[in-house]
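Subject: Structure handover

Hi,

Here is the structure I promised to pass on. Please open it alongside this email.

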Amino acid sequence: MPANFCLKTYQGQAGLKEPVSFHVIQIASFYNHSWKRNLISGYLGDLQTHTSDRNCSTIIFLWPWSRGNFSNEEWKELEMLFHIRCVQFLEEMHRYSRELQFEYPFEIQGTGGCELHSGKFSGSFFRVAYQGSDFVSFQNNSWLPSPVAGNMAKRHCKMLNQNQHENDITHSLLSDTCPRFILGLLDAGKAHLQRQVKPEAWLSRGLSPGPGHLELVCHVSGFYPKPVWVKWMRGEQEQQGTQRGDILPNADGTWYLRATLEVAAGEAAGLSCRVKHSSLEGQDIVLYWEHHSSMGLIILAVIVPLLLLIGLALWFRKHCFR
């Protein structure tokens with residue numbers, strides 16, 4: 001199948017941002033000639049869908065739909081190719097480490113995959129980094145050194161480009177197999193990827209930023225899909241000092257975010273946190289800081305007398321029933 005084939009329309013099917021990508025990330029750490037660690041993960045957009053065992057012998061499917069629409073025979077072939085290439089890569093890194101002037105301990109990071117845009121294959125990528133810096137990349141059926149990597153990367157590309165058969169296989173995987181696989185994932189995982197999960201939100205007080213100041217924290221968790229809008233507000237006015245953290249994954253595939261605002265202690269009154277998300281269907285979540293503060297006072301008012309009563313009961317028991 002040619003690289004520029006047109007895929008059937010899927011836009012909006014999965015709620016994923018365009019372009020939709022599938023990519024594999026490999027992080028290989030070499031501590032010495034005999035000790036190494038190898039981690040491999042596959043992602044559809046931001047969602048992890050695959051991983052592998054430590055020996056690269058088995059592809060592990062993290063979701064019931066992670067097989068896409070590939071047959072068992074196709075997966076067996078891919079798994080065998082994956083295992084062979086992974087083992088060869090690890091062996092070659094040890095074998096050529098001296099020639100490439102790689103000094104132990106060192107780390108190799110690689111990412112490769114493809115993208116679809118508006119239902120069509122829009123490009124592929126395969127990049128390798130050494131010690132966190134760009135090293136080589138695969139383009140137009142051959143390996144090219146990074147301009148900042150120097151002679152070491154040029155020597156490595158020269159070695160890789162001696163095997164054109166392997167380069168042809170890599171090109172086919174990126175430009176043919178990968179886009180077909182994305183479409184299969186989107187179709188097989190439609191119910192999961194289309195789901196709408198409403199967020200939960202709550203307020204808390206962060207670490208004190210200084211005397212007379214408060215850090216107000218708005219927590220939003222359990223939402224899907226990923227896009228979300230969270231702002232601290234005063235009435236209908238957005239507070240430009242709102243600081244959004246990174247959107248982090250929960251174990252169940254939903255997302256978590258916190259938004260903070262630093263204010264003078266006397267200015268917290270009248271502030272609220274507003275959350276917008278597609279699952280809420282226009283019914284925004286609005287949490288008022290006064291209610292949070294009032295609830296804290298109510299809890300304090302209940303707990304303190306209760307602790308006093310318990311203390312008195314223990315004192316009477318100790319002194320009156322000897």
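Predicted model: local features only at pLDDT ≥ 70, side-chain atom pairs only at ≥ 80, totals over all residues.

Start with helix α2, residues 151–160. Its buried residues are M152, A153, H156, C157 and M159. Viewed down the α2 axis, they fall within an arc of 160°, so they line one face of the helix. They pack against α1 (72–95) and also against β6 (120–130), β7 (133–139) and β8 (142–145). What sits on the face of α2 turned away from the buried side? That face carries N151, K154 and K158, which are exposed.

Next, the pairing of α1 with helix α3, residues 164–188. Their axes come within 13 Å and cross at roughly 140°. That angle makes α1 oblique to α3. The crossing is left-handed. On the α1 side, the contact uses E74, W75, L78, L81 and R85. On the α3 side, it uses E166, I169, T170, L173, T177, R180 and F181. Sorted by class, the α1–α3 contact has 6 nonpolar, 2 polar and 4 charged residues.

Is N167 buried or exposed? Its relative accessible area is 2%. The cut-off for buried is under 20%, so N167 counts as buried. Which residues does N167 touch, leaving aside its neighbours within four places in sequence? N167 is in contact with F138, N141, S142, W143, L160 and N161.

Best wishes

Conventions:
Residues numbered from 1 in each chain as written. Heavy atoms only, no water. Buried < 20%, exposed > 50% of the residue type's maximum accessible area, 1.4 Å probe, protein only. Helix = DSSP H or I, 4+ residues; strand = E, 2+ residues; numbered from the N terminus. Arc of directions from axis to C-beta. Contact = heavy atoms within 4.5 Å. Axes fitted to C-alpha atoms, helices over the stretch in contact; angles between N-to-C directions. Parallel < 35°, antiparallel > 145°, perpendicular 65-115°, else oblique. Left-handed = near helix turned anticlockwise from the far one by under 90°. Nonpolar A, V, L, I, M, F, W, Y, C, P; charged D, E, K, R; others polar.
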